[in-house]
Amino acid sequence: MDSSYCSQDYQGPILEIRGLWKKFNNFTLQDINLQLERGFVMGFIGPNGSGKTTTIKLILNLLRKDRGEIRVFGRDNVIEEKEIKNRIGFVFDENHYYGILTINEMKNLIAPFYSNWNEKTFQKYLKEFDLNPQQKIDSLSKGMKTKFSLAIALSHQAELILMDEPTSGLDPVFRSELLDILYYLMQDEKKAILFSTHITSDLEKIADYITFINKGRIVFSAEKDRVLEEYLLVKGSLGILDSSLEREFIGLRKTPVGFEGLIAERNRLRWLQDKVVAQRPTLDDIMVYFAKGQ
Amino acid sequence: MDIIISNTSDEPIYQQIIDQVKKMIIAGEVAEGEALPSIRQLAKDLRISVITTKRAYEELEREGFIRSVQGKGSYVAPYNREIIRESRLKMIEEKLRAVIDESKTLNISLEEVIDILRYLYQEKA
């Protein structure tokens, strides 16, 4: 390997996407911009079909982009695909392994692609995840397939971990274990993690940044704490709503017994009457009301 | 060092950390020079983000309660009576400011606020 490729030299973002476009027949990923620094975790949230998987596939050059730039470790993801992938660990929602092979056979096929493959680490994870190396991949449950994926992703000293819906199909106990594993990884401040999800899960606790994508566009990409401080969930009776007030809402849900909606915090003072109840939204609330409003 | 975080509290998590660490220092429960958990370790233990713990530590450092040494971690700063008294006053100021803002919105005069304050203060005492 060329010594100028030494990862420690590059101080910029570990992942940088600029002006990324990808057009499909019935869906377009539009002008995606995001940036992730080493030492941090980004949660990539949005409804199903909003473009999360497409974006992650584009990062890994599994899809051809129409326009834009993707840099990983400061390098072009297409030109230096092989070197970049060597340092990325990825977990996909869908199974991308050969079902007729056993865990061990599949591993033997994958491991040679990584220059830093660590068999001891892999065996440790198999044990920790209760996976039998002789078992055929076809016979694994969805959760077990994810665990296998994760064991592969974590066994070659990857600096950037990309996970597409890693918790779907996993029970709360394993989700909690996964969270511990990610926290353990992040004790190393040179690593970074990007994971996508369409459901609220405990995983978001670890996220430093949240990027919210809806209908192929980034709605915001910001510090999680700031996002949660910026919005307010307001509930009240229908009687106080009029059309100008309704326009203040990012998203609004009306029922015969009242309304509930999301507003930006800067409008807070106007709303602090005894007529409404205001509370901090969850990321789920934010996701739902943005999707509703747009 | 115990830090207990409530996820349902209206108080932001970083503020909860700040308040608890300060309280321990003010109460003398932690000694000068005592090491605090590293930012990444605390994030892991509390299951919160690194940015949140970082923000709390930075604020504690700015206020003079802790000191951070690059590559070595954070420590409880030498005990400082003035800083502690100042921080108590600042805490009260912030709360009063909220009361003032609210009073102005609700058209309650300064005199009325002072009356209420005096009444409540003496009543509680």
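User: How many of the six residues of strand β8 (residues 192-197) of chain A are buried?
Analyst: This is a predicted model, in which local features need pLDDT of at least 70, side-chain atom pairs count only at pLDDT 80 or more, and totals for chains, interfaces and linings use all residues, while side-chain values use heavy atoms, with hydrogens and water left out. Residues are numbered from 1 along each chain as its sequence is written, and chains are lettered from A and ligands numbered from 1 in the order in which they are written. Strands (E, at least two residues) and helices (H or I, at least four) are DSSP runs numbered from the N terminus, and buried means under 20% relative accessible area, exposed over 50% and partly exposed in between, with a 1.4 Å probe and protein chains only. By that rule β8(A) is mostly covered, and the number of its residues that are buried is six.

User: Which residues of β8(A) point the other way from Ala192(A), Leu194(A) and Ser196(A)?
Analyst: In a regular strand the side chains alternate between the two faces of the sheet. In β8(A), Ala192(A), Leu194(A) and Ser196(A) point one way, and the residues that point the other way, also buried, are Ile193(A), Phe195(A) and Thr197(A).

User: Which residue in β8(A) is the bridge partner of Met163(A)?
Analyst: Two strands pair if DSSP finds at least two bridges between them, and strand β7 (residues 160-164) of chain A pairs with β8(A) in the parallel sense over five bridges. Strand β3 (residues 41-45) of chain A is also joined to β8(A) by five bridges and runs parallel, with Ile45(A) standing opposite Thr197(A). For Met163(A), the bridge partner in β8(A) is Phe195(A).

User: What area is buried between chain B and chain A?
Analyst: The size of an interface is often given as the accessible area lost when the parts come together. Here contact (heavy atoms within 4.5 Å) takes 15 residues from chain B and 21 residues from chain A. Buried area is the accessible area, with a 1.4 Å probe, that two parts lose on being put together, summed over both; carbon and sulfur atoms give 44% of it, and the total is about 1600 Å².

User: Which residue of chain B meets Glu229(A) in a salt bridge?
Analyst: A salt bridge is a side-chain nitrogen of Lys or Arg within 4 Å of a carboxyl oxygen of Asp or Glu, and across the interface of chain B and chain A the rule finds three salt bridges. In one of them, at 3.3 Å from N to O, the side chain of Glu229(A) meets that of Arg55(B).

User: Is Ile5(B) buried or exposed?
Analyst: Ile5(B) is found in the segment before α1 (13-26) of chain B. Not counting residues up to four places away in sequence, Ile5(B) touches Ile13(B), Gln16(B), Ile17(B) and Leu46(B). With a relative accessible area of 19%, Ile5(B) is buried.
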